[in-house]
Amino acid sequence: MASKSKRDERGWRRIIACTIVLLCALLTMPLPAQAATVPVEQICHANAALGEDFAAFAESRWICTDDHYSIASDVIFVRFRLKPDQAAPRPAGFVSHAVTFERIDLWVVDADGSRRALRYTAAETHHMGVGPMIAAALPPVGPDSRFVVARIVGPWSKTLASDARLDTLPAGTGWSLGEIVAVAAICGMLAVPLLMAGGYWVVLRQPYVVWHALLIFSMLVQALMGTGFFHILGELPIFVEGAISCVCYSVMGASALMFSATFVEPGMLGPRVGLAIRLGALLTLGCGLVAALPLDALRPYSTMQLYLGMGLSILLIMASMIEAWRRGSSLVWYQIVGWTPALLVAVYRIARYVSPDAQPTNSVAAQQLALAVEVLVSSLGILSRLLDLRLQRDRATALALEMEGVAGRDALTGLWNRRSIEKRFADLFASGFRTMAVLDLDHFKAVNDLHGHAMGDAVLKAAATALSGDGDTRAVRLGGEEFMLLLRGSDSAERAERRRRAISARVAAELPGLDRVVTASMGLVEHDPRGNLSADFDALYAHCDRLLYEAKRLGRNRTMRERMIAFVPPAPMAAAAAG
């Protein structure tokens with residue numbers, strides 16, 4: 001135990017050290033390059049209805065601070081006041097965040113009031129492959145030009161206005177080479193654990209491996225969309241990109257919730273929290289799917305609805321981690337360490353978007369790095385589960401080898417005998433073998449009387465073959481025609497019933513000369529695997545035996561089963577029992 005504690009401590013130190021390094025990288029991650037951004041004297045924005053002309057706006061209508069962005073109206077105007085300095089670089093392109101919109105109209109206004117205009121649909125704008133941005137060429141800008149005005153029709157996100165800028169190039173300037181390499185490396189960090197998930201599934205076959213793989217896959221697809229890297233491979237309509245991003249975000253939230261519900265040790269989440277997580281996953285997925293619908297009536301609420309679903313998933317993930325921590329889970333620390341950066345970035349983004357007094361932000365690089373941290377730490381957690389499983393199996397193998405000795409085996413059938421099971425029952429029960437079934441062959445005496453003891457022995461051997469155990473099942477011959485099964489797993493009762501039914505088929509196949517169908521009756525008791533119930537072999541056997549005789553009384557060839565549920569007695573009752 002001491003060596004295991006030291007290994008755990010060293011493992012936690014490595015996780016914390018890696019996380020600190022990644023967090024430092026997150027904090028020092030450079031923002032997208034703005035070297036080609038044209039400095040302007042002032043940026044203002046205003047909401048309007050279709051058909052309104054910005055030239056008729058009162059000056060008080062313009063908001064010239066980086067806040068109070070809204071997509072409640074059909075149109076957002078963004079006005080750039082150019083610097084009068086003749087030496088300042090002249091803008092040639094309009095750049096903004098790549099999200100869904102209907103069209104963008106661009107004007108250049110000269111000092112004498114003359115205007116030049118260009119109009120672009122969403123499909124006609126340039127989608128960059130080196131950043132989550134779109135660009136459109138401006139009308140000619142001359143020395144006497146004083147304003148550049150953009151009219152964004154049908155915006156689906158505030159960031160179309162808040163991220164708007166002017167560029168020296170008509171097609172815009174994307175990220176620098178260093179930033180492209182850094183974000184590409186982060187995408188690669190997401191791809192590696194996705195490949196590893198296949199190997200985990202081969203060994204673990206646990207639902208949390210599937211949810212983790214789905215989480216990584218949705219993160220990777222969203223990263224390709226959100227960074228603009230997808231445009232290196234091909235072009236999609238911008239509303240399709242938006243829909244895919246919405247679905248990816250909702251799948252991320254839902255799969256993260258399901259991973260939280262299934263990753264920690266059994267019994268570490270209460271039934272209410274578990275139910276809330278599953279309902280929250282459905283609501284989060286529903287919010288994303290509705291937000292992806294290209295319905296104009298949903299446009300003012302689409303992004304807010306998506307953030308509502310993500311906010312719900314964040315709250316439930318935090319609640320599940322707190323619940324598991326309170327119940328003493330050791331695996332939850334992988335989630336706490338892994339999710340902290342991602343949750344902080346997500347809360348920051350949602351708060352900046354929801355608050356009218358803040359400028360919306362996308363924080364693309366920070367988001368991708370935070371998600372990479374979560375994926376790596378969660379992968380370490382799954383690896384920890386894999387190592388624990390290997391340790392348990394090594395112990396089980398050693399135990400099986402010990403119990404498979406001659407002294408522990410029934411001479412006729414080769415199954416374990418009662419003495420070997422009684423000796424190791426406490427260890428087996430503690431390792432999860434919490435279902436006991438006692439079986440008895442129906443009318444076996446008639447087989448011996450009519451066909452002789454040699455045929456009776458052959459029937460017992462065939463029944464033992466049908467009951468033979470595996471990694472999660474121990475089969476025992478108690479004596480005579482009576483057998484026992486010890487099983488573990490959520491489907492242990494169903495597996496025991498299948499073995500009982502298999503006896504008839506096995507006997508008929510191996511002994512075609514027998515003129516009768518051999519059936520079995522069974523009494524079965526399940527213990528709640530989430531509880532901390534203890535059981536004595538003799539007491540549990542007596543309970544199963546009582547159910548067995550009840551099955552025989554009701555006509556044989558059937559199973560009687562009961563389930564024992566753990567409960568915590570009220571405080572006065574517990575005190576009285578202690579007294």
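Helices here (H or I, at least four residues) and strands (E, at least two) are DSSP runs, numbered from the N terminus. The model is predicted: local features need pLDDT of at least 70, side-chain atom pairs count only at pLDDT 80 or more, and totals for chains, interfaces and linings use all residues. Residues are numbered from 1 along each chain as its sequence is written, and side-chain values use heavy atoms, with hydrogens and water left out.

**Overall**

- The secondary structure of the protein comes to 16 helices and 15 strands.
- Of the 579 residues in the protein, 49% are buried (under 20% relative accessible area, with a 1.4 Å probe and protein chains only).
- Among contacts (heavy atoms within 4.5 Å) with a separation of 6 or more, 76% join residues 24 or more positions apart.

**Helix H8**

- H8 (299-326) has 28 residues and spans 42 Å from its first C-alpha to its last, close to the expected 40 Å (1.5 Å times one less than the number of residues).
- Gly328 follows H8 and has a positive phi, near 90°.

**Largest cavity**

- A cavity is a set of points, on a 1 Å grid over the protein atoms alone, where a 1.4 Å probe fits but cannot get out; lining residues have an atom within 4 Å of a point.
- Grid points are joined across faces, edges and corners, and a volume is the space filled by probe spheres set on the points.
- By this rule there are 3 cavities of 30 Å³ or more, and the largest holds about 290 Å³.
- The largest cavity is lined by 22 residues, of which Tyr249, Met252, Met310, Ala342 and Ala346 are the closest to its centre.
- H4 (207-226), H6 (238-263), H8, H9 (332-354) and H10 (364-403) each supply at least two lining residues, with the largest share, 7 residues, coming from H9.
- The lining has 18 nonpolar, 3 polar and 1 charged residues (Ala, Val, Leu, Ile, Met, Phe, Trp, Tyr, Cys and Pro count as nonpolar, Asp, Glu, Lys and Arg as charged, and the others, Gly among them, as polar).

**Strand S13**

- In S13 (residues 482-487), 6 of 6 residues are buried.
- In a regular strand the side chains alternate between the two faces of the sheet.
- Glu482, Met484 and Leu486 lie on one side of S13 and Phe483, Leu485 and Leu487 on the other, and both faces are covered.
- S13 pairs (at least two DSSP bridges) with S11 (residues 435-441) in the antiparallel sense over 6 bridges, and Met436 stands opposite Leu486.
- S12 (residues 473-479) also runs antiparallel to S13, joined by 6 bridges, and Arg474 has Leu486 as its bridge partner.
- The hairpin of S12 and S13 has 2 residues between the strands, and Gly480 there takes a positive phi near 55°.

Definitions and conventions: 1 Å grid on protein atoms, 1.4 Å probe; cavity = no way out; pocket = protein on both sides within 12 Å on 5 of 7 lines; lining within 4 Å. Buried < 20%, exposed > 50% of the residue type's maximum accessible area, 1.4 Å probe, protein only.
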